[in-house]
Amino acid sequence: MVTALVWEKPAEYKIEPVDQDGLWKKVIRELFEDFLLFFSPELHAQVDFSIETEFLQQELFQEIIKDKTGRRSTDQLVKVHLKGGEEKWILVHIEVQSDNGKDFAKRMFQYFYRIYDQYDKELVALALMTSPYRSKFPTEFRYNYFGTELHYAYTTSKLVDYNYAELEQSDKLFSKVILAAKYMHDTKNDMDKRYVFKMKLMREMIRNKPYPGAEIQAIFYFIDYLLRLPEDLSRKLNNTLIPIIQKEVNDVVQFDNGEWSPTMEAVFARIKEDWVEEGKAKGLEQGIEQGVTKVVLEMLKKELPVDVIAEVTHLKQEKIEQLRETLQ
């Protein structure tokens with residue numbers, strides 16, 4: 001049984017504990033190709049992305065991951081096809097907490113053998129540690145009991161091992177996700193610093209033309225909810241982004257659809273209001289100009305002197321002469 005995953009948008013946007021599990025699950029689903037390119041470029045090169053990637057959430061898998069007491073499921077089980085036609089399953093595990101490292105390798109092995117036993121599929125396991133602490137998570141599970149031995153290894157990546165300079169210079173889209181996650185930890189007690197980081201990251205995404213609109217949308221959602229700001233700084237961020245987006249008028253038309261994060265929804269609403277007011281102002285100006293033109297034409301029909309018409313309407317005599325030519 002395959003069940004669809006639904007991202008429920010929070011009703012309010014406040015500074016409160018962040019649902020990191022849900023945000024990671026969402027961004028990995030929407031940017032899985034970019035995720036794989038960032039963390040496993042060798043595997044990415046072998047995957048045929050012209051064949052649709054399938055996210056699997058079986059009842060068995062739900063039983064496996066329910067042992068994470070007090071946490072929502074972050075794990076993803078993904079079916080891809082290699083360029084040679086072979087089917088491959090990928091287990092993506094996100095470890096947000098870091099207080100249960102002693103059992104981590106055992107859990108990774110349990111995920112593997114239960115899935116392998118049930119479906120007899122080759123499985124690639126990728127584990128991502130998002131904790132800011134340099135805890136020593138094991139990268140393998142070993143068992144040895146009276147001659148019975150087992151060795152299970154998997155790929156592990158830690159956000160704490162990536163430095164800012166490399167991430168900021170990277171042309172891989174998922175580097176922005178990693179930057180946002182690192183910013184969240186580093187600005188936990190400094191909202192002004194978080195504002196600077198968030199504004200810089202969003203501004204870069206807006207100005208970076210190569211990224212498709214849908215991918216920018218997914219990144220913005222992750223950034224906006226992970227790096228939440230107090231109300232005053234949120235307003236300041238909106239005001240900062242408005243002129244930047246207004247310079248990208250063609251892209252705004254493209255971007256302004258679908259589900260956006262609170263910051264971008266507020267920015268788009270403000271831009272729309274400005275466009276409406278600007279349109280009203282232009283319409284009023286054009287209406288006045290048309291009314292004056294009509295009056296001048298009527299005065300010309302009555303053969304009033306040009307200097308008199310200019311004095312009454314405040315139009316230049318050259319303009320009045322041009323209108324006279326239209327009558328003739």
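**Entry 1: Leu36.** I looked up the contacts of Leu36 (contact means heavy atoms within 4.5 Å). Leaving aside its neighbours within four places in sequence, I found Leu36 in contact with Pro41, Leu43, His44, Val47, Phe49, Ile90 and Leu126.

**Entry 2: notes on the model.** This is a predicted model, in which local features need pLDDT of at least 70 and side-chain atom pairs count only at pLDDT 80 or more, while totals for chains, interfaces and linings use all residues. Residues are numbered from 1 along each chain as its sequence is written, and side-chain values use heavy atoms, with hydrogens and water left out.

**Entry 3: helix α2.** I placed Leu36 in helix α2, residues 32-39. Helices (H or I, at least four residues) and strands (E, at least two) are DSSP runs, numbered from the N terminus. Is Leu36 buried or exposed? Leu36 counts as buried because its relative accessibility is 0%. Buried means under 20% relative accessible area, exposed over 50%, and partly exposed in between, with a 1.4 Å probe and protein chains only. In α2 I listed Phe32, Asp34, Phe35, Leu36, Phe38 and Phe39 as buried. Six of the eight residues of α2 are buried, so the helix is largely enclosed by the rest of the structure.

**Entry 4: the cores.** Next I looked at the nonpolar cores (sets of buried Ala, Val, Leu, Ile, Met, Phe, Trp, Tyr and Cys residues joined through side-chain atoms within 4.5 Å). Which members of the largest core touch the most others? They are Trp24, Ile28, Phe32, Phe35, Ile90 and Phe174, out of 59 residues. Helix α9 (residues 213-226) gives the largest share of this core, nine residues. A second, separate core has 19 residues, including Leu91 and Phe104. Back at Ile90, I left aside its neighbours within four places in sequence and found contacts that include Phe32, Leu36, Leu43 and Leu126.

**Entry 5: Phe146.** I then turned to Phe146, in the loop between β5 (140-145) and β6 (148-153). Phe146 is exposed, with a relative accessible area of 77%.

**Entry 6: the whole chain.** I counted 14 helices and seven strands in the chain. Of its 328 residues, 43% are buried. Among contacts between residues at least 6 apart in sequence, 67% join residues at least 24 apart.
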